Amino acid sequence: MGRLLAVSFALSALVSTAHADAVLSAAHGEDVSEGAYTLTIDLRGLYATVEIRQTFVDADATDAEALYEFDLPSAVVVDRVTVAIPGKHEEVAFGANASSAGAPTPDDDETRDDVPDAALLRIIDHQAGDPAAGTPDLTRYELRVFPIPSKKAVTVRTRFVVPLEVADGRVILRLPARGDAPNLSRETGEVRFHPSGGITGYDHVHVDESDATLSGGRIQFAHGRRGTLVLDATPRARGTDPLVWYDASAIDRARGTVALSYFVPRPASADRLPFDRILFLIDGSRSMEGATDAAATIVDSVLAAAAPSTKVETILFDRSPRALGGWRAIDTAARSEIGKAIRTAELENGTNLPDAMTAAGAALGEDTTAKTLVVVVTDGLVPLDTTGLELAQRLGAPRAGLVASFVLVTPDHAALPDVLHGALADVAYRTGGMVLTARAGEVTTRVKGLVAELGHPAPLHDVSLEGNDTAPDLTLPELLPAGSGGMLIAGYHGAAPTRIALVATRVDRGVKINGVRGTSPELADLALGSIESIALTAHGPDAEPTEDDTNTSEEQLVQTRRRRGLVTDDTSLVAIDSRSRFAAERRKLAQGGGPFMRVSPPGEPRVGPRVPQVRIGTVKLRGDLDARLIHGMIETGLLPRARTCFQPLLLKQRESEGTVRLDLELSRGEVTSAHVAHSDFPADISACVVDAAYKLDVPRTMLDDMPDTVYLVHYPLTFRSLAAGELVLPGDADSSDPVDTGVHADDADQPLGGITPP
């Protein structure tokens, strides 16, 4: 009696990435490289100005034209480019028509200016993101610089304005990865802070892997990897009332733009948590290694803030849930026992949050009169097919008095999870809870704030704005929870708003906050570059604007952007060498929208008036676990255990044949999920194979500031009993199968963005 166990598998890696890396080349193949790439990031309220100081070096024997393509978030507005021409002063670029600026002058000695233009920056492409997965829209730019003199360098400074993402009381800036090209240098820079609008400062500032050091109110950093550059900080404010401030900028006498910023601080209350019962679900899976002390600290601090009459229940979970003894009073013994159980838990494979939610729902019972808080402490890694609706239903939500919140604890060097999208955010939204994040190393300093947020006062509701009659499109969400914020951009007609106030209700108390008006040229540029022409076209509340009015607004908008020197689909930035005989005339012509034509360097390939296109993102595999490594891990760790699963079958029948198709999800050194997609054998064999899969020892990958890579392994095990002899043929680790494919997403809850996994 024998058996044949043949194995093959397909591997997919799921991560977030930009659609293309930055590319530096030369028009005629010269050896051009980056001598330095330095960023100066000025944090100003809920937006940032970023200046890139970039040095291009030509190692060849002839002058070169540098061509640099790069991505920025589509919310960015580029409003300044300067070129330091060797031996001369800096040339400042000005706005020109995009199509004419992108086309070279015909090669005609009678019409051609002898001095080529020093620089051109234009938009060449757009990539649509996925809002459901938190993937941002990206815009691709092209920068052309000439001349880069032989054996010398030229420095270009590019400045842009970008609104910051606001989540869980943090402001976050993400700049796309530039890739691994050898002729690109390491990014270095500094962050400077300019509190405004009621924000008094910033705490818990992190750049990449928290390696920034504060010196003189500034933070110096070096971006050591080629991944996304991530900056996050927690604005500091007085009190818990929302902050509102705005800037208005005229386009002409009849219209203009207004940019309104709002921020709801985290609560800082020391009051007892207003709940009768608190149920903890604590992630005890392998990916929580290094975070269990932080989880225990969070739990103990919540218990310390609860009323003496509050009852507590704790459930630890990995691939299955296990309760720690049922509901009990909160006393010293209970706190000590719960903390010890969390800290000493043996971390295992599996993050079966759905079953944990089912166990929590059973523990809650049928009582709908008690005010109950469910707190899930995890790292945010859950099985890919998890949905918020399923989790809420398993918990028994919605139900009166039940609030479910999540505290996501990440290693210090890992990316912060997305708290705005995915299954966990959906559950919190359905139950009136919150999704909070904390790095393991900052829990001790932030835990009081976390507890206050878990017992947060009700969100502001029935939110509206007063004083925005001339800017009717300026509207806030009707519900503003603590830690939320953002920036709104709208057009106004007639006089600029002189008073804007936020009115809302918190529980039964009315709240009214008068907005503070400021004057910011950078915000004016951001609003002007972001607004649609329809927002500047006057029309009745129930009427569409006429075509003539829309066209007039569009022409006025483009002309104003050109005068202000913004880079958009319709406008580019061009730097003219002051040695040009017609520099002043050409500058005046370009800014007036006339038939301006860029003077190209000698022999430049005809670039033409490239029209930006919109496309979806492409795919690139990333991660340290390649197919061969996973194949070897399964061959040595799964196959010996899987063989024993078929032994009971051989006692019943000498000949048998079939396949078990096993699907695994691997991330951060853990088998997050394992299940049988198809089996030709009885259920007990499938269950045995799943048990064997959960015993795998997954190699840990290096944590960085990028979202975690989730590896999908589709693994068929084919079993065949033989009449004579014993033959075991494991899979061929050297085979060209499997094929590595990648699908990218920001969020481990929704990594496929609607695409069916392979």
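Keep in mind as you look that the model is predicted.

Let's start with strand E4, which covers residues 32–44. What does E4 pair with? One partner is strand E5 (residues 47–58), joined to E4 in the antiparallel sense over 12 bridges. These two strands make a hairpin, with two residues between them. In that turn you will find Gly-45, whose phi is positive, at about 65°. E4 also pairs with strand E15 (residues 187–194), this time in the parallel sense and over eight bridges. As a general point, strands of a sheet pair through backbone hydrogen bonds, either parallel or antiparallel.

Tyr-37 also leads us to the cavities. How many cavities of 30 Å³ or more are there? The count comes to seven. The largest cavity has a volume of about 140 Å³, and 16 residues line it. Tyr-37 is among the lining residues nearest its centre, together with Asp-71, Leu-175, Pro-176 and Arg-178. Two elements, strand E4 and strand E6 (64–73), each give two or more residues to this lining. E6 gives the most, with four residues. What kinds of residues make up the lining? There are 12 nonpolar residues and four charged ones, with no polar residues.

Now let's move to another part of the chain, where four strands form an open sheet in the order E31-E21-E20-E34, with mixed pairing. Why is one side of E31 and of E34 left without a neighbour in the sheet? Strand E31 (485–493) and strand E34 (516–518) stand at the edges, and each has a single partner strand, so one side of each has no neighbour there. On average, neighbouring strands of this sheet are turned by 25° against each other, direction ignored.

Helix H8 (residues 521–530) lies across strand E20 (243–252), E21 and E31, and it runs at about 70° to E31.

How values were computed: Residues are numbered from 1 along each chain as its sequence is written. This is a predicted model: local features need pLDDT of at least 70, side-chain atom pairs count only at pLDDT 80 or more; totals for chains, interfaces and linings use all residues. Side-chain values use heavy atoms; hydrogens and water are left out. On a 1 Å grid over the protein atoms alone, a cavity is a set of points where a 1.4 Å probe fits but cannot get out, and a pocket is an open set with protein on both sides within 12 Å along at least five of seven lines; lining residues have an atom within 4 Å of a point. Grid points are joined across faces, edges and corners, and a volume is the space filled by probe spheres set on the points. Ala, Val, Leu, Ile, Met, Phe, Trp, Tyr, Cys and Pro count as nonpolar, Asp, Glu, Lys and Arg as charged, and the others, Gly among them, as polar. Two strands pair if DSSP finds at least two bridges between them. Axes are lines fitted to C-alpha atoms, for helices over the stretch in contact, and angles run from 0 to 180 degrees between N-to-C directions. Contact means heavy atoms within 4.5 Å.
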